[in-house]
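This briefing covers ring contacts in a predicted model. A pair of aromatic rings is described by the distance of the centres and the angle of the planes.

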Amino acid sequence: MVYLFLADGFEIIEALSPVDMLRRAKLDVKTVGVTGKTVCSSCGVEVTADITIDEFEYSNVDAIILPGGMPGTLNLENNETVQSAIDKSVVNNTLICAICAAPSILGHKGLLKGREATAFPGFENTLEGAVLSEEYVIKDGNYITARGAGVSVDFGLEIVKALTDKETAENIRKTIQCR
């Protein structure tokens with residue numbers, strides 16, 4: 001199961017594009033409302049999460065996804081359950097994906113030291129110890145980081161590729177007419 005955490009102030013494209021790509025790949029994905037069942041994006045669009053943070057249990061986790069946006073990233077970082085899910089994912093070598101400002105959460109925890117990573121321009125200094133990549137989406141080990149909303153589909157397809165294979169990701173790319 002893939003879990004994508006939503007907190008008030010999240011960037012809608014960075015959250016829902018990966019969910020769309022994963023569901024096209026027939027992967028099980030649930031959105032987790034960190035700040036309630038209904039979560040308000042940074043642009044004011046309300047999204048109903050599949051489950052609330054109180055219903056989340058760390059079991060059968062194949063990947064976790066942290067969308068960016070402000071103050072969504074701060075709301076994710078300040079949540080104990082999200083922090084615990086990251087810690088358990090590290091211990092279990094589970095895929096951890098973060099886009100835009102959200103890689104800062106991983107950087108603050110020291111998880112990107114010596115790894116290639118990227119984030120929204122201006123957040124590079126929060127990727128403590130990371131080898132900054134010029135790529136828009138980069139996978140290094142069990143970490144996938146991406147720059148921002150404009151590469152949300154690529155971010156989602158990189159997650160699909162990591163959880164399935166390159167062919168599945170490329171077939172989805174073709175069906176949605178993505179470069």
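The charged end of Arg-147 lies over the ring of Tyr-136, 4.7 Å from the ring centre; a charge counts as over a ring if NZ of Lys or CZ of Arg is within 6 Å of the ring centre and within 35 degrees of the ring normal. The model is predicted, with local features needing pLDDT of at least 70 and side-chain atom pairs pLDDT 80 or more, while totals for chains, interfaces and linings use all residues. Residues are numbered from 1 along each chain as its sequence is written, and side-chain values use heavy atoms, without hydrogens and water.

**Aromatic pairs**

- There are 2 aromatic pairs in the structure (rings of Phe, Tyr and Trp, the last by its six-membered ring, with centres within 6.5 Å; planes under 30 degrees apart are stacked, over 60 edge-to-face, the rest tilted).
- Tyr-3 and Phe-56 pair edge-to-face, at 4.9 Å centre to centre and 85° between the planes.
- This pair joins distant parts of the chain, 53 residues apart: Tyr-3 is in strand 1 (residues 2-6), and Phe-56 is in the loop between strand 5 (51-52) and strand 6 (63-66). Strands are DSSP runs of E, at least two residues, numbered from the N terminus.

**Burial**

- Tyr-3 is buried, at 9% relative accessible area (buried is under 20%, exposed over 50%, partly exposed in between; 1.4 Å probe, protein chains only).
- Phe-56 is also buried, at 9%.

- Phe-5 and Phe-56 pair edge-to-face, at 5.3 Å centre to centre and 75° between the planes.
- Phe-5 in strand 1 and Phe-56 are 51 residues apart.
- Phe-5 is buried, with a relative accessible area of 0%.
- Tyr-3, Phe-5 and Phe-56 make up one aromatic cluster.

Technical notes: Helix = DSSP H or I, 4+ residues; strand = E, 2+ residues; numbered from the N terminus.
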